[in-house]
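Here is a short note to keep beside you while you look around this structure for the first time. Please take the points in order, with the viewer open.

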Amino acid sequence: MTVEMDEMVDLFKKELELCKLKPTETMAVLTSGDVRADYAKAFLTAANEIGANSFELKLPPVKGGISGSFGVTPLTDNRVAVEVLKKADLVIDLVLLLFSKEQLELQESGVRILMVVEPFHVIKRMFPKESDKGRVLHATELLKEAKELRFTSKAGTDVTYQLGQYPILTEYAYADEPGRWDHLPSCFAAATSNDKGVNGTVVLDKGDIFFPFNRYFQEPVTLTIKGGYVTSIEGGFDAMLMKDYMESFEDPRAYAVSHIGWGLNERAKWHSLALDDQVFGMDGRAFYGNVLFSLGPNSELGGDNDTECHLDLPMSNCTLYLDGKLIVEDGDVVVDEMKPVEEKVISLT
């Protein structure tokens, strides 16, 4: 093996240990075509070193659909493949099953799922620490207990979410419990509002991030939200681009407000999108102290909106409150339990 492959195997072995893969279990790697073939090889080698059974399920690429859409995957309408994956204890998702009915079905059957699609150097830099889990779970409990989330910004954002109807999305970058889905790398928590429970104004400021276009906003875009739906999009070129993209789905549910949360990964870099060809952009999504504002589906958290149009819009320098309690202030997490944990340095002298 090459030096990079050796490093990849070592890191993925650590990840599988965090996922609690046991020698008595079976791991499946889901692939499509030749994309991320090196990841597949490294995960299979790492599982073999642990002593677990493992196999790769390679499917044809997705045909048709709108570029950047969610929910349509190589598993769509492939019952045989779904049933095969149900035989595994842990599935390594290298094709991006997120927001698909098949992913939810696998989770309901008890399969653990780990999505891995980012470049290796990003995974290595943002690789989870065991302390991340406790920090994310603290954020999760705060969101579970809250009835109202409000976030503001100096750019003009002031929007309120009513909470409590749906469960919380918890990502600490390893799938260690039956039915759990997670994403390597990550480190954040998010909630979905009650149906029709979002009202206010969101101003996406210059320098905020525009996914799935993988670009920074060049000028402010103002969204008016009433009853959980975006009712107007105002601004210049970026606003026009957003409108055109959302209209292309011909689905009014595309304008629904989706999940809301904040990032906790202090190893993430806001500027990385300008330098790296990232697939999912976890630097922006999990950036420490961001507010991750999203539009589109809520099916991942139990809702019935499964539109294929999903926009994640990480915002910097925002202030966020839960039931009036300050959580994030101008892009800085103020709750001690969610602040980074210093690594212990062991002296050899």
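**Notes on a predicted model**

1. Let us begin with an arginine: R135 is buried, because its relative accessible area is 1%, and the cut-off for buried is under 20%. Please keep in mind throughout that this is a predicted model.

2. Which residue forms a salt bridge with R135 at 3.0 Å? The partner is D132, and the 3.0 Å is the distance between the closest N and O atoms. Both D132 and R135 sit in helix α6, which covers residues 130-145. They are three residues apart there, or about one turn of the helix. D132 is also buried, as its relative accessible area is 1%.

3. R135 has another salt bridge to look at, this one with the side chain of E266, at 3.3 Å from N to O. E266 lies in the loop between β15 and α8 (282-285), while R135 is in helix α6, so this pair ties together parts that are 131 residues apart in sequence. Is E266 buried or partly exposed? With a relative accessible area of 28%, E266 is partly exposed.

4. Now step back from the single pairs. A network of salt bridges links K129, D132, R135, E266 and R267. In general, side chains of opposite charge can pair when their charged atoms come close. For the model as a whole, the count is 26 salt bridges.

5. One further pair deserves a visit. The side chains of D312 and R285 meet in a salt bridge, with 2.7 Å between N and O. D312 belongs to strand β17 (residues 311-315) and R285 to helix α8, so the pair ties together parts that are 27 residues apart in sequence. D312 counts as buried because its relative accessibility is 3%, and R285 counts as buried because its value is 4%.

6. Next, have a look at D93, in strand β3 (residues 90-93). Its relative accessibility is 0%, so D93 counts as buried. Leaving out residues up to four places away in sequence, D93 touches L30, I113, L114, M115, V116 and V117. What lies 2.9 Å from a polar atom of the D93 side chain? That is the backbone nitrogen of L96.

7. Time to look for empty space. Rolling a probe the size of a water molecule over the atoms shows where empty space is left. How many cavities of 30 Å³ or more does a search of the whole structure find? The search finds one, and the volume of this largest cavity is about 130 Å³. Its lining is made up of 18 residues, and those nearest the centre are L98, F99, L169, E171 and H259. Strands β7 (169-171), β8 (181-184), β9 (188-192) and β15 (257-263) each give at least two residues to the lining. Sorted by class, the lining of the largest cavity has eight nonpolar, six polar and four charged residues.

8. The second largest pocket has a volume of about 280 Å³. There are 13 residues in its lining, with Q107, I168, L169, E300 and L301 nearest the centre. Elements α4 and β7 are the ones that give two or more residues to this lining. By class, the lining of the second largest pocket divides into six nonpolar, five polar and two charged residues.

9. Stay with Q107 for a moment. Q107 is part of helix α4 (residues 101-108). It counts as buried because its relative accessibility is 18%, the cut-off being under 20%. Beyond its neighbours within four places in sequence, Q107 is in contact with I113, G179, R180, W181 and E300.

10. Finally, visit K13 in helix α1 (residues 3-18). K13 counts as partly exposed because its relative accessibility is 25%. Apart from residues up to four places away in sequence, K13 touches A46, E49 and I50. The C-alpha atoms of K13 and L44 are 9.5 Å apart, and the two residues are 31 apart in sequence.

Terms used
Residues are numbered from 1 along each chain as its sequence is written. This is a predicted model: local features need pLDDT of at least 70, side-chain atom pairs count only at pLDDT 80 or more; totals for chains, interfaces and linings use all residues. Side-chain values use heavy atoms; hydrogens and water are left out. Helices (H or I, at least four residues) and strands (E, at least two) are DSSP runs, numbered from the N terminus. Buried means under 20% relative accessible area, exposed over 50%, partly exposed in between (1.4 Å probe, protein chains only). Contact means heavy atoms within 4.5 Å. A polar contact is a pair of N or O atoms within 3.5 Å; within protein, one must be able to donate a hydrogen and the other to accept it, and residues adjacent in sequence count only if both atoms are side-chain atoms. On a 1 Å grid over the protein atoms alone, a cavity is a set of points where a 1.4 Å probe fits but cannot get out, and a pocket is an open set with protein on both sides within 12 Å along at least five of seven lines; lining residues have an atom within 4 Å of a point. Grid points are joined across faces, edges and corners, and a volume is the space filled by probe spheres set on the points. Ala, Val, Leu, Ile, Met, Phe, Trp, Tyr, Cys and Pro count as nonpolar, Asp, Glu, Lys and Arg as charged, and the others, Gly among them, as polar. A salt bridge is a side-chain nitrogen of Lys or Arg within 4 Å of a carboxyl oxygen of Asp or Glu.
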